[in-house]
Amino acid sequence: MEQQRRRIGVMGGTFDPIHHGHLVAASEVQSVFGLDEVVFVPTGRPWQKASREISDPEHRYLMTVVATAANPVFTVSRVDIDRPGSTYTIDTLRDLHDQQPSADLFFITGADALQSILTWKDSAEIFSLAHFVGVTRPGHELDTSGLPDDGVTLIEVPAMAISSTDCRVRVAAGEPVWYLVPDGVVQYINKYALYTGGDGDD
Ligand code: ATP
Ligand code: MG
């Protein structure tokens, strides 16, 4: 009897910090596409954000673990943070494909990140490794021009007007991030005094 191929969502991000916008998007895509698992992949040193000091990858990894721990189908992968150098989505997808060659990958990306796929390294090959799922994000237009019709599906997810940038700014200003990020992430940020100013986010 032929076994059904495993369907795995891939949620890449800086996760500095992970917030409920990420979690709702992942949960919604998991449900709509009947995914067996959604793997969150914190980036190494993202080339798009080279100008900004980003938090230590271990902090971002652990906040992602804390935020996803309660969900049996959410997992976290270290492939990007353990790979030296800048993170390219093509490498993420190749590594995950090598780990589970018989699975179908669904790469989840918000409206703001979707257009930039075309500027990613080896953008033609990435569409052969994964199906792309573009999710709505408040304040960002979903623009699919130039993207292959059969390689991308757009879905509407519950609107969460939250960004990691806003969370960092709020923490630095002494404003609460309760209910924008999971409780454990609030506590993690406090414990390690992340985003509190000085010159660093770590
Ligand atoms: P930053 O402000 O630091 O850029 P961010 O909130 O955009 O952080 P990222 O880690 O850059 O978070 O995003 C990872 C992925 O999650 C991207 O594909 C992004 O579009 C998507 N995403 C982030 N926030 C939301 C949201 N509120 N709703 C839907 N998608 C989101
Ligand atoms: Mg972003």
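Modeller: Happy to. The secondary structure comes to eight helices and eight strands. With a radius of gyration of 17 Å, close to the 17 Å that the globule rule gives for 202 residues, the protein is as compact as a globular protein of that length. Its C-alpha atoms fill a box of roughly 55 × 35 × 35 Å along the principal axes. Of the 202 residues, 39% are buried. If you take the contacts between residues at least 6 apart in sequence, 72% of them join residues at least 24 apart.

Please keep in mind that this is a predicted model. The mean pLDDT of the protein is 91, and 93% of its residues reach 70 or more. For the complex, the predictor gives an ipTM of 0.99 and a pTM of 0.94.

Now to the part you asked about. Ligand 1 is surrounded by 18 residues, and the closest are Gly 13, Gly 21, Gly 110, Ser 164 and Thr 165. By class, the shell divides into nine polar, six nonpolar and three charged residues. Four elements each supply at least two residues of this shell: α1 (20–33), β6 (104–110), α5 (111–114) and α7 (164–172). The most comes from α1, with three residues.

Phe 15 is not a glycine, yet its phi is positive, at about 50 degrees. Is Phe 15 buried or exposed? Phe 15 has 25 C-beta neighbours inside 10 Å, and a residue with 20 or more is buried, so Phe 15 counts as buried.

For contrast, consider Ala 193, in the segment after α8 (183–191). Ala 193 also has a positive phi, near 50 degrees, in a residue other than glycine. Ala 193, however, is exposed, with 11 other C-beta atoms within 10 Å.

Next comes β6, another contributor to the shell. Strand β6 runs parallel to β7, and five bridges join the two. Phe 106 stands opposite His 131 in β7. On to β7 itself, residues 131–135: four of its five residues are buried, so the strand is largely enclosed by the rest of the structure. Strand β7 also pairs in the parallel sense with β8 (residues 152–155), over four bridges. There, Val 133 has Thr 153 in β8 as its bridge partner. As background, side chains in a regular strand alternate between the two faces of the sheet.

Finally, α7, which supplies at least two residues of the shell. Asp 166 lies in this helix. Asp 166 is partly exposed, with 15 other C-beta atoms within 10 Å.

Terms used:
Residues numbered from 1 in each chain as written. Chains lettered and ligands numbered in written order. Predicted model: local features only at pLDDT ≥ 70, side-chain atom pairs only at ≥ 80, totals over all residues. Near = placed C-beta within 6 Å. Nonpolar A, V, L, I, M, F, W, Y, C, P; charged D, E, K, R; others polar. Buried ≥ 20, exposed ≤ 12 C-beta atoms within 10 Å, placed from the backbone. Pairing = 2+ DSSP bridges. Rg over C-alpha atoms; globule rule 2.2 N^0.38 Å. Contact = placed C-beta atoms within 7 Å. pLDDT = per-residue confidence, 0-100.
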